[in-house]
Amino acid sequence: MNMEEKVFSYIEKYNMIETGSQVIVGISGGADSVCLLFLLKKYQKRREFSLCALHVNHGIRGGEALRDQNFSEKICEELQVPFRVYAADVPRMAAEKKLSLEEAGREARRTAFEKLAGEYGKPQGGAEKKRYRLLWHTMKMTMRKPCFTI
């Protein structure tokens with residue numbers, strides 16, 4: 001089984017994306033998140049769902065971060081995936097809340113996803129809420145380490 005089929009099989013095994021779902025994918029501009037975006041876009045051929053990409057600019061890497069943001073936006077344009085940017089001043093956040101940059105960055109990403117999910121309409125209960133939690137926990141795990149390598 002190739003990587004694409006493994007990912008699709010995992011999505012289906014855990015019923016992570018149902019027809020009509022609204023999926024937000026985080027895209028950093030790195031290989032893992034770009035690959036995930038391509039896979040989800042391809043998965044839309046199997047199941048109808050809306051897909052939106054979210055890029056968080058942490059306010060740390062200046063021009064390099066802007067290049068990642070522009071690259072992510074360009075890919076989303078080419079794939080015709082709606083693209084949103086959330087800008088955060090992670091160094092200020094870290095200082096004010098006495099957090100490490102890594103923890104403040106996680107908090108900024110969580111805030112960005114929650115804000116965008118709120119615009120989509122966060123699930124209110126039952127199976128939808130459980131699925132949202134599963135996707136959220138999966139996303140949190142993959143933010144700490146790559147989910148696969150290319």
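The model is predicted, so local features are reported only at pLDDT of at least 70 and side-chain atom pairs only at pLDDT 80 or more, while totals for chains, interfaces and linings use all residues. Residues are numbered from 1 along each chain as its sequence is written, and side-chain values use heavy atoms, with hydrogens and water left out.

The protein has six helices and three strands, where helices (H or I, at least four residues) and strands (E, at least two) are DSSP runs numbered from the N terminus. Read from the N terminus, these elements follow the order α-β-α-β-α-β-α-α-α. Of the 150 residues, 35% count as buried; here buried means under 20% relative accessible area, exposed means over 50%, and partly exposed lies in between (1.4 Å probe, protein chains only). The accessible surface amounts to about 9100 Å², with 52% of it belonging to carbon and sulfur atoms; such areas come from the Shrake-Rupley method with a 1.4 Å probe, and for residues only the protein chains shown count as cover. Among contacts (heavy atoms within 4.5 Å) between residues at least 6 apart in sequence, 70% join residues at least 24 apart.

Confidence is expressed as pLDDT, the predictor's confidence in each residue, from 0 to 100. Its mean over the protein is 84, and 80% of the residues reach 70 or more. Among the elements, H4 has the highest mean pLDDT (97), and helix H6 (residues 126-144) the lowest (49). Over residues 137-150 the pLDDT is below 50, and this stretch has 15 contacts in the model beyond near neighbours in sequence.

In general, an α-helix has 3.6 residues a turn, so residues three or four places apart point the same way. At the N-terminal end, H1 is capped by Asn2, with a side-chain oxygen 3.2 Å from the backbone nitrogen of Glu4. Just after H1, Asn15 takes a positive phi of about 50°.

Helix H4 (residues 90-97) can be read in a similar order. Val90, Met93 and Ala94 are its buried residues. They cover an arc of only 100° around the axis, which puts them on the same side of H4. Exposed residues Ala95 and Glu96 sit on the face turned away from that buried side, while the buried residues pack against helix H5 (101-120). Asp89 caps the N-terminal end of H4, placing a side-chain oxygen 3.2 Å from the backbone nitrogen of Arg92. Lys98 follows H4 and has a positive phi, near 55°.

Between helix H1 (3-13) and strand S1 (22-26), the loop holds Ser21. Ser21 counts as buried, at 13% relative accessibility. A polar atom of the Ser21 side chain lies 2.7 Å from the backbone oxygen of Glu18. Apart from neighbours within four places in sequence, Ser21 is in contact with Glu48, Phe49 and Ser50.

Turning to charged pairs, a search of the whole structure finds twelve salt bridges, each a side-chain nitrogen of Lys or Arg within 4 Å of a carboxyl oxygen of Asp or Glu. One of them joins Arg84 to Glu119, with the closest N and O atoms 2.9 Å apart. Arg84 lies in strand S3 (residues 83-87) and Glu119 in helix H5, so the pair ties together parts that are 35 residues apart in sequence. Arg84 is partly exposed, at 35% relative accessible area, and Glu119 is partly exposed as well, at 47%. Arg106 pairs with Glu102 through N and O atoms that come to 3.0 Å. These two are four residues apart in helix H5, which means that about one helical turn separates Arg106 and Glu102. Arg106 counts as buried at 13% relative accessibility, whereas Glu102 is exposed at 54%. Elsewhere, salt bridges that share partners join Glu5, Glu12 and Arg46 into one network.

Key. Arc of directions from axis to C-beta. Polar contact = N/O pair within 3.5 Å; in protein donor to acceptor, adjacent residues only side chain to side chain.
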